[in-house]
Amino acid sequence: MENMSYPVILTLMVPKETKSYRHVYFICFLALYLFILSINILLVGVIFMEKALHEPMYIFLSHLCINGVYGATGFYPKMLSDLILDSYVISFHMCALQTYVIYSSLLSEITILTVMSYDRYVAICKPLDYHSKLTKNTCVKLILFSWIVPNFFAVIAVLFANLRSFCRYHIDKLYCDNWSVVKLSCASSFVNNIIGYAIAVTFVSFIVFIIVSYVKLISACKASLENRRKFWQTCLPHLFTLINFTFAFLFDFMYNRYGANDIPESLRNFLALELVVVPPVFSPLIYGLNIRAVRKRVFISCVAARVNSSQKVHNLIMYKN
């Protein structure tokens, strides 16, 4: 017990073949991070600038994109720093911060998808009540719910994980996550298990709510061609996002708690990275490409920006002449 302490520095997993391909990894991660920032910020900007997109579905989508940027920023800057410095260490306090950002982002992804599924359920199954149910006040409450609930749980989980004394100092992952920090302590993890299961039950219930709402949506779509069109245009992207995220999240959760050492490291890294790589790329791409209103506005905005840029260059040349 006397060897247990609060460490100043923790070590992270070193990716394979980083000596040979470190700079290649750095360029790939940097390009991916810049792409995530640009595509999510573009989509959020278009939604907020275009009055035609000031509807609940698009407002919720913008928050999904904001959450993607938030979660990506919890991972990529540290990963890029590790690769360029070839030093896979992190301070105790920065590890707690990274854990909180990534953990709260993942939980927020679930709550935002839950809110979006409720929006689609009302829009398709109860279209006459849509504007009376999804009022401006209700939308504000749903947005606050989608941010406050996951952040509350994340604060509790991270706080209890980091109040423990540690007897190990290595995290067998490319980034800090909550259960990896819990396993650094040799003390009993009973309280952390209770908190973890409470969070799991709460957020699995949200996923069940989404599934039930989609069962009702599919039933409603059978009776109407218009409902079927709405489903394919707005619900299918949501469904793909949910399936991808749920499988990755559940695998990571189950592996962290019950995983065996015989699972290949490359597979573990792939599925761990999928949680911080795929959602912020996948969500804006599939929504932006599949929903006609968003696709049209993004295209118009890009063309307008290009025309304005060309006009400025032309004016500058004419001024110099």
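In what order do the elements of the chain run from the N terminus on?

## Overall architecture

The order is β-α-α-β-α-α-α-β-α-α-α-α-α. In this predicted model, the chain holds ten helices and three strands.

Of the 321 residues, 47% count as buried. The accessible surface of the chain amounts to about 16,900 Å², and carbon and sulfur atoms contribute 69% of that surface. Among contacts in the chain with a separation of 6 or more, 79% are accounted for by residues 24 or more positions apart.

## Packing of α3 and α7

Two packed helices are described by the angle between their axes and by the distance between those axes. Helix α3 spans residues 92-125 and helix α7 spans residues 190-222. They pack at an angle of about 25 degrees, and their axes lie 9 Å apart. Because angles under 35 degrees count as roughly parallel, α3 is roughly parallel to α7. The crossing of the two helices is left-handed.

## Residues of the contact

On the side of α3, the contact is made by Y103, L107, I110, T111, L113, T114, S117, Y118, R120, Y121, I124 and C125. On the side of α7, the residues are I199, F203, F206, I207, F209, I210, S213, Y214, K216, L217, A220 and C221.

By residue class, the contact of α3 with α7 comprises 18 nonpolar, four polar and two charged residues.

Technical notes
Residues are numbered from 1 along each chain as its sequence is written. This is a predicted model: local features need pLDDT of at least 70, side-chain atom pairs count only at pLDDT 80 or more; totals for chains, interfaces and linings use all residues. Side-chain values use heavy atoms; hydrogens and water are left out. Axes are lines fitted to C-alpha atoms, for helices over the stretch in contact, and angles run from 0 to 180 degrees between N-to-C directions. Helices (H or I, at least four residues) and strands (E, at least two) are DSSP runs, numbered from the N terminus. Angles under 35 degrees count as roughly parallel, over 145 as roughly antiparallel, 65 to 115 as roughly perpendicular and the rest as oblique. A crossing is left-handed if the near helix is turned anticlockwise from the far one by less than a right angle, and right-handed if clockwise. Contact means heavy atoms within 4.5 Å. Ala, Val, Leu, Ile, Met, Phe, Trp, Tyr, Cys and Pro count as nonpolar, Asp, Glu, Lys and Arg as charged, and the others, Gly among them, as polar. Buried means under 20% relative accessible area, exposed over 50%, partly exposed in between (1.4 Å probe, protein chains only). Accessible areas come from the Shrake-Rupley method with a 1.4 Å probe; for residues, only the protein chains shown count as cover.
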